[in-house]
Amino acid sequence: MPPLTPEILLVFAIIAVALVLFVTEPLPIDVIAIAVLFALVVLEPWTGVDPATGVSGFSSSATLTVLAMFILSEGIRQSGLVNIVGAEIADRYGHSPFKQLLSVLGLAGGTAGFINNTPVVAIMIPMVSTISEKTGISPSKLLMPVSFVSMLGGMLTLIGTSTNILASDISGRLLGHPFSMFEFTQLGVVVLVTGAVYLATVGRYLVPERIRVDEELIEEFEMTGYLTEVVVPEDSPLVGQTVQQSLATVDVDADIVQLVRDDQAFTEPLARKEIRPGDVLVLRTDRESLLTLVDAEGLDLGSEAEVHDEDLDATATEIEPEEEQNLVEIVIAPGSTPVGETLEELNFRSRYDATVLAIRRGEEVIHARMDERTLRAGDTLLIQATADTIQRFSNDRNFILAREITRPDFRTSRIPVALAILGAVIALAALNVLPILISALGGVVAMVATGCVKPTEMYEAVDWSVIFLLAGLIPLGVAMERTGAAAWLASVIVVGTEGLAPIVVLGVFYLFTALITNVVSNNASVVLMIPVAVQVAQGIGANPFAFVLAVTFAASSAMLTPIGYQTNLMVYGPGGYKFTDFFRVGAPLQLVLTVVTTLGIAFFWGV
């Protein structure tokens, strides 16, 4: 056993604090990663990380390759190719739930190997809603399988996930063996098929039906007790006030979501609309606030006690078509600007010309004091907005439309060009004509030059939280190597697993990495675990590259919690899942994949 030095203890302390922060998330994970970088550089005498090494993550080939792949993925997304294939699936298999499930699994898993799985799932969420309406099957039955299989599909190629690219960079530094484009495709196919078969058989019966297709959105979001109509009598203090002024003097949790006057229904923007006698106000409020408001403002309860979807969809009223209101669900995207903000801080109603009626967070539906709630990734907002506003939401990468109201404006004429560019990037890297970084950067230039991606869309396409996360964590791996922390941990594991066969140790590494990935970032997992895995393999006389692959594959199988992977968070709200649903479906699959992946690595590469 090597000595446990103060330098090693300090690095362990930084890792422990970082892991706690990653789990509790008092700050965004990318900010936490930059804080780790700062701590490592400030404590250079003990961590061995000088300023140049500290910022080397920003110039790392892994970071820049991931950045380029986001833009390449955007070119495919903007072409509408995945949406067109999805629409074909809905038309062809719309009346067979089993064939529909197989087709959706094939589409998500196959495309995730070549474009980032996050936009794949973002595209498929509204697609699944459309398919569900045609077949009558709950979207809950499809969304979790889509998320799981997109993770596994990312293991088909080097560019399938940012984790693969980062792991390749670390493997190249430690072993002189970075991944080639199709380095582990044969195992990726085995893993993907295993996961798809499980989800199409056993998984079908474990995935719950949380959302019923035949429910109105008002019922789905449990709004029946929170939407009501009131009439403004002539002697009400509200007469002559604007909508914005009307509720400012009364401390109640209420919003006016619609003003009905004669045969016209007025919705956003409502702030400057003057209230007149006889106006009918549709309120979002609870019973206690309603009674307070009725008493304070002299309002009369409307004759109709219930409000339905069609009452808030202004298609039933005599207004201009472009002003017709729709009820729609939008999902807060992981790593987006609204995460960590409240609706009040975002000035959501005025900024987007949309009214939030409810927030669904997994199985929980929030109605009270919504303006004060801190938004989280995966939150689903029930909003009322015009078609133009909804189109703006569909073009805003901060949000994911759970149901499409308007057809997105795709560049379908660019499909052959976008596919040719992506194919050229893959071919040049696979044939070793160019490094993946250079071919990917060339692909970015080609995407913009041919109009597949507009120059302004380049920056919007990049998930900057992932870029800063990678840049911040790469020096942590260096600190583990330079201080001997990785070697010390490896020695402990070698002693603890003495007498076990190398293939068993390989399986333990896979399972342990998969478990910690469910609570921390998948990129953090490979940074922490690959140096240790390499040291352990060398200590027991096993194949170090096999252990690198085990960690890499395990980091893309976070199926036990909704917070383990971005795509799980994306489907958490739209599927209405409970937190425990992921464990119920994912735990058996995690165990199956532990065995299959371990045996697959032993078969293809040896242990």
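Let us begin with the rings: the count comes to 17 aromatic pairs, where rings of Phe, Tyr and Trp (its six-membered ring) pair if their centres lie within 6.5 Å, and planes under 30 degrees apart count as stacked, over 60 as edge-to-face and the rest as tilted. One of these pairs is F58 with F468, which is edge-to-face because the ring centres are 5.7 Å apart and the planes stand at 75°. F58 belongs to helix 5 (residues 56-59) and F468 to helix 24 (residues 464-483), so this pair ties together parts that are 410 residues apart in sequence. Helices (H or I, at least four residues) and strands (E, at least two) are DSSP runs, numbered from the N terminus.

Please keep in mind that this is a predicted model, in which local features need pLDDT of at least 70 and side-chain atom pairs count only at pLDDT 80 or more, while totals for chains, interfaces and linings use all residues. Residues are numbered from 1 along each chain as its sequence is written, and side-chain values use heavy atoms, with hydrogens and water left out.

Now turn to F348 and F393, whose ring centres are 6.0 Å apart with planes at 20°, so the pair is stacked. It links distant parts of the chain, with F348 in helix 19 (residues 348-352) and F393 in helix 20 (residues 387-395), 45 residues apart. F348 is buried at 3% relative accessibility, and F393 is buried at 2%. Elsewhere, ring pairs join F148, Y572, Y577 and F582 into a cluster.

Charged side chains come next. There are 9 salt bridges, each a side-chain nitrogen of Lys or Arg within 4 Å of a carboxyl oxygen of Asp or Glu. In one of them, the closest N and O atoms of R77 and E74 are 2.9 Å apart. These two residues sit 3 residues apart in helix 6 (residues 61-79), separated by about one helical turn, and both are buried.

D379 and R361 form another salt bridge, at 2.7 Å between the closest N and O atoms. D379 lies in the loop between strand 8 (364-366) and strand 9 (380-386), and R361 in strand 7 (residues 355-361), so the pair ties together parts that are 18 residues apart in sequence.

Notes: Buried < 20%, exposed > 50% of the residue type's maximum accessible area, 1.4 Å probe, protein only.
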